[in-house]
Amino acid sequence: MLHVLQHPLAAHIITHLRDETTKPATFRTLAYQVGLLLAVEATRDLATKDKVIRTPLEPHTGRVLAKPLVVVPILRAGLGMVQPFLDIFPDVSVGYIGLERDHETAVARSYYCKLPPLAGTRVVVVDPMLATGGSAAQALTVVKQAGAKDLVFVSIVASPEGVAAVQAKHPDVPLYTAAHDRELNTKKYILPGLGDFGDRLYGT
Ligand code: PRP
Ligand code: URA
């Protein structure tokens, strides 16, 4: 299932992220802002449980989150989407998966993996760019092998080819994105896209 974020603010932010004149400092702020909107959207269905408290006036049975969250960025660009999750979720830990696309083949190579316990958690794998889908599919396989049962994938920009590839390999994993773009170019970059997210985030 693909969920495309529908919010005027998301459209506004994405347009500025795409703009080639946007400098890294502003780019990082915009990535944080759209990350917040996506963090809310991708956790809309989280389970809650009863919690009995007292208001200043009377006892009250409220609802609180039933399970902790684990956010797993795909290094390096995924790091730009972690802070929104840390800022709004009370019980959250972070795992890391390092993948890098070969510039010629666009095939992702794994160079790092460190994950906290995943059983009993909601795992949110984040990577701003879903291009061929190779990195996302590989990362989802890794977190499933590590015990994740309840997981979602969140991107900022996704290509139709990438969405189809991930859905073919992981039909059980809901996908969230802020923009569903037109296509990949011959070098497997997303069009209209925003270029290399990691380079624009870190000024490299
Ligand atoms: C980019 C991006 C994704 C991947 C998407 O990372 O952040 O991880 O490409 O492409 P795919 O869907 O075709 O696999 P990159 O490999 O450039 O590494 P970086 O984050 O270190 O810049
Ligand atoms: N990675 C990026 O950063 N951008 C793309 O368009 C494709 C992969």
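1. In this predicted model, ligand 2 has an oxygen atom 2.9 Å from a backbone N or O atom of Ile190. Backbone atoms of two further residues take part in contacts with ligand 2: a polar backbone atom of Gly195 lies 2.8 Å from a nitrogen atom of the ligand, and a backbone N or O atom of Phe197 lies 2.8 Å from an oxygen atom of the ligand. On its own, ligand 2 has 230 Å² of accessible area, of which the protein covers 89%.

2. The surroundings of ligand 2 consist of Arg101, Met129, Ala131, Lys188, Tyr189, Ile190, Gly195, Asp196 and Phe197. By class, this shell holds five nonpolar residues, one polar residue and three charged residues. As to location, ligand 2 sits in the largest pocket.

3. For ligand 1, an N or O atom in the side chain of Thr132 is 2.6 Å from an oxygen atom of the ligand. Backbone contacts are also present: a polar backbone atom of Gly133 lies 2.9 Å from an oxygen atom of ligand 1, and a backbone N or O atom of Ala77 lies 3.0 Å from an oxygen atom of ligand 1. The protein buries 92% of the 500 Å² that ligand 1 exposes when taken alone.

4. Around ligand 1 there are 14 residues, of which Arg101, Asp127, Thr132, Gly133 and Ser135 come nearest. This shell comprises five nonpolar, four polar and five charged residues.

5. The largest pocket is the space that ligand 1 takes. Two or more residues of the shell around ligand 1 come from each of β6 (96-101), β9 (129-130) and α4 (134-145).

6. Arg101 deserves a remark: Arg101 is one of the residues surrounding ligand 2, and Arg101 is also among those that come nearest to ligand 1.

How values were computed: Residues numbered from 1 in each chain as written. Chains lettered and ligands numbered in written order. Predicted model: local features only at pLDDT ≥ 70, side-chain atom pairs only at ≥ 80, totals over all residues. Heavy atoms only, no water. Near = heavy atom within 4 Å. Polar contact = N/O pair within 3.5 Å; in protein donor to acceptor, adjacent residues only side chain to side chain. Areas by Shrake-Rupley, 256 points an atom, 1.4 Å probe, with all protein chains shown as cover. 1 Å grid on protein atoms, 1.4 Å probe; cavity = no way out; pocket = protein on both sides within 12 Å on 5 of 7 lines; lining within 4 Å. Sits in = over half its atoms within 2 Å of the grid points. Nonpolar A, V, L, I, M, F, W, Y, C, P; charged D, E, K, R; others polar. Helix = DSSP H or I, 4+ residues; strand = E, 2+ residues; numbered from the N terminus.
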